[in-house]
Amino acid sequence: MRRNKREKFKVPIPFNILGDLPKDVFLAEYWQKKPLLVRGAIRNFEPPIDADELAGLALEDEVESRIVLEKDWQLHCGPFTENTFATLPEEKWTLLVQAVDLWVPEVAELLNHFDFLPAWRIDDIMVSYAADGGSVGPHFDYYDVFLLQGHGTRRWQIGGHCDADSPMVGNTELKILRDFKAQEEWILEPGDMLYLPPRIAHHGVAIGECTTFSVGFRAPAASEMLDDFATELLSGIAPPNHLQDPPLTLAMANENITPAHIAQVRNLLLATLNNDKLLGEWFAQYMTRPKYPEFVEMTEEYRTAVLTSANGADLRFTNGVKD
Ligand SMILES: [Mn+2]
């Protein structure tokens with residue numbers, strides 16, 4: 001019997017991160033359907049990275065990071081400098097670092113707790129640090145997320161379902177909901193976890209300084225998949241199929257494009273997609289393609305050098321959460 005990658009490297013997990021809720025019940029009743037709060041998802045949670053280490057990572061060119069300031073909802077993209085951190089306000093800002101699981105093996109180990117979901121659906125673990133009152137604003141995402149509270153405390157509020165037509169705040173590149181109305185709220189302490197399905201409005205505000213670990217999932221849009229699949233087809237993996245006419249009449253020579261022609265177009269496109277082998281092979285490589293190909297190509301020495309440089313950064317947040 002072939003073993004999959006995860007079985008091979010599986011670390012025995014002594015507890016269910018969903019608490020008392022059986023994993024199959026979660027999948028049937030909550031996954032992609034409704035939020036779930038789990039108190040003490042990881043008991044006595046000792047976050048595998050602290051605020052200073054996170055800030056150190058954000059100084060590195062190789063790491064994707066952002067800072068959000070509540071004032072005018074400013075978005076700044078990393079890499080940052082030590083001076084950036086020295087000049088930030090006392091409160092109401094957030095540092096977000098993407099794919100920390102790639103850089104810190106102890107963060108990657110958290111993924112072992114999510115073995116009830118297909119591994120290829122997982123995108124990354126983003127870790128955020130927020131100063132007191134910090135948030136990225138009320139918003140919604142198009143993907144599922146588990147929000148695991150690290151150090152400190154955060155208040156999470158959730159609202160209703162949103163979509164592309166939900167009104168947004170103007171004059172910022174951030175997608176901030178204009179009319180967020182909280183329907184439920186919880187205060188999360190270290191080791192508590194909130195699961196949110198796609199499109200649920202949410203707003204998390206730090207009460208004092210805190211860190212949050214966001215386990216996010218890959219959910220490509222149909223347009224993105226069609227784009228990538230088309231690129232794959234253009235590489236010549238299948239012979240091109242060309243448009244054919246429906247039965248023509250003389251009148252059609254002088255008509256605009258007819259519904260019969262549109263039907264031909266649709267049939268041709270659907271026939272192109274209607275190839276399980278082709279679609280399956282393309283989808284497998286599409287979903288498992290590395291988020292950061294440069295990271296995969298890096299030598300172990302280079303990675304170690306980046307991490308050493310990040311850890312060596314002399315950063316102290318005013319009231320560093322690790323103190
Ligand atoms: Mn979110």
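**Entry: N44**

The cut-off for exposed is 12 or fewer. I note here that the model is predicted. I then placed N44 in the chain: it sits in the loop between strand 1 (36-38) and helix 3 (51-57). Its phi is near 50°, a positive value in a residue other than glycine. Most residues other than glycine have a negative phi.

**Entry: R199**

I looked up R199 next. R199 also is not a glycine, yet it has a positive phi of about 70°. Where is R199 placed? I found it in the loop between strand 8 (193-196) and strand 9 (200-217). With 16 other C-beta atoms within 10 Å, R199 is partly exposed. Buried would need 20 or more, and exposed 12 or fewer.

**Entry: the bond at G78 and P79**

I checked the peptide bond that joins G78 and P79. It is cis, with omega about 5°. Most peptide bonds are trans. P79 lies in the loop between strand 3 (74-77) and helix 4 (82-86).

I turned to strand 9 and asked how many of its 18 residues are buried. The count is 13, so I wrote the strand down as mostly covered.

Strand 9 pairs with strand 5 (residues 122-130) in the antiparallel sense, over eight bridges. I picked out I125, whose bridge partner in strand 9 is V215.

Strand 9 also pairs with strand 6 (residues 145-161), again in the antiparallel sense, over 13 bridges. I noted two residue pairs here. R154 has A206 of strand 9 as its bridge partner. G152 has C210 of strand 9.

I followed strand 6 to its other pairings. Which way do strand 6 and strand 8 run? They run antiparallel, joined by four bridges. The bridge partner of F146 in strand 8 is Y195.

Strand 7 (184-188) was next on my list. Five bridges join strand 6 to strand 7, and these two run antiparallel. In strand 7, I187 is the bridge partner of R155.

**Entry: N171**

I went to the loop between strand 6 and strand 7, where N171 is found. I counted 6 other C-beta atoms within 10 Å of N171, so it is exposed.

**Entry: helix 8**

I tested the length of helix 8 (residues 259-273). At 1.5 Å a residue, its 15 residues should span 21 Å. The expected span uses one less than the number of residues. The end C-alpha atoms are 21 Å apart, which agrees.

How many of the 15 residues of helix 8 are buried? The number is zero, so the helix lies largely in the open.

**Entry: domains**

Domain 1 takes 5-219 + 300-312, and domain 2 takes 222-287. I looked up the separation of their centres, taken over C-alpha atoms: 39 Å.

Definitions and conventions:
Residues numbered from 1 in each chain as written. Predicted model: local features only at pLDDT ≥ 70, side-chain atom pairs only at ≥ 80, totals over all residues. Domains from an automatic or database assignment. Pairing = 2+ DSSP bridges.
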